[in-house]
Amino acid sequence: RLEGAGRVSTFFFSHFLEDYVVFDLWRVFRHWDKVCDLFIARKRDRQRFKYDFLKYEDMREEMELVKHL
């Protein structure tokens, strides 16, 4: 987190389309608030799915995103 930055909310997610890249996921998740970081891991989870970490700065609608997912 950067000096002076607001609160950061981090989400872990998986089971998304195999051909999605960072830009595709950024487009999907920017609708909820300001995405400040999105990372797709090179490794896969135990079920062989890709997984990601997503960070929002000063997110106002955390539970709305959780419900939608």
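Colleague: Which residue in β3 is the bridge partner of Val 8?
Modeller: This is a predicted model, in which local features need pLDDT of at least 70, side-chain atom pairs count only at pLDDT 80 or more, and totals for chains, interfaces and linings use all residues. Residues are numbered from 1 along each chain as its sequence is written, and side-chain values use heavy atoms, leaving out hydrogens and water. Strands (E, at least two residues) and helices (H or I, at least four) are DSSP runs, numbered from the N terminus. In β3, the partner of Val 8 is Glu 57.

Colleague: Over how many bridges do β1 and β3 pair?
Modeller: Two strands pair if DSSP finds at least two bridges between them. For β1 and β3 the sense is antiparallel, and the number of bridges is seven.

Colleague: What angle does the direction of helix α1 make with that of β2?
Modeller: Helix α1, residues 22-29, packs on the sheet and touches β1, β2 and β3, where contact means heavy atoms within 4.5 Å. Axes are lines fitted to C-alpha atoms, for helices over the stretch in contact, and angles run from 0 to 180 degrees between N-to-C directions. The angle with β2 is about 135°.

Colleague: In what order do the three strands form the open sheet?
Modeller: Their pairing is antiparallel, in the order β1-β3-β2. The edge strands, each pairing on one side only, are β1 (8-14) and β2. From one strand to the next, the twist averages 15°. So that I end on your question, the order is β1-β3-β2.

Colleague: In the hairpin of β2 and β3, which residue takes a positive phi?
Modeller: Strands β2 (residues 35-44) and β3 (residues 50-57) pair in the antiparallel sense over six bridges. Between the strands the hairpin has five residues. The positive phi, near 75°, belongs to Arg 48.

Colleague: Is Phe 39 buried, exposed or partly exposed?
Modeller: Phe 39 sits in strand β2, and its bridge partner in β3 is Phe 53. Buried means under 20% relative accessible area and exposed over 50%, with partly exposed in between (1.4 Å probe, protein chains only). Because its relative accessible area is 44%, Phe 39 is partly exposed.

Colleague: In what sequence do the elements run from the N terminus on?
Modeller: The protein has two helices and three strands. From the N terminus on, they run β-α-β-β-α.
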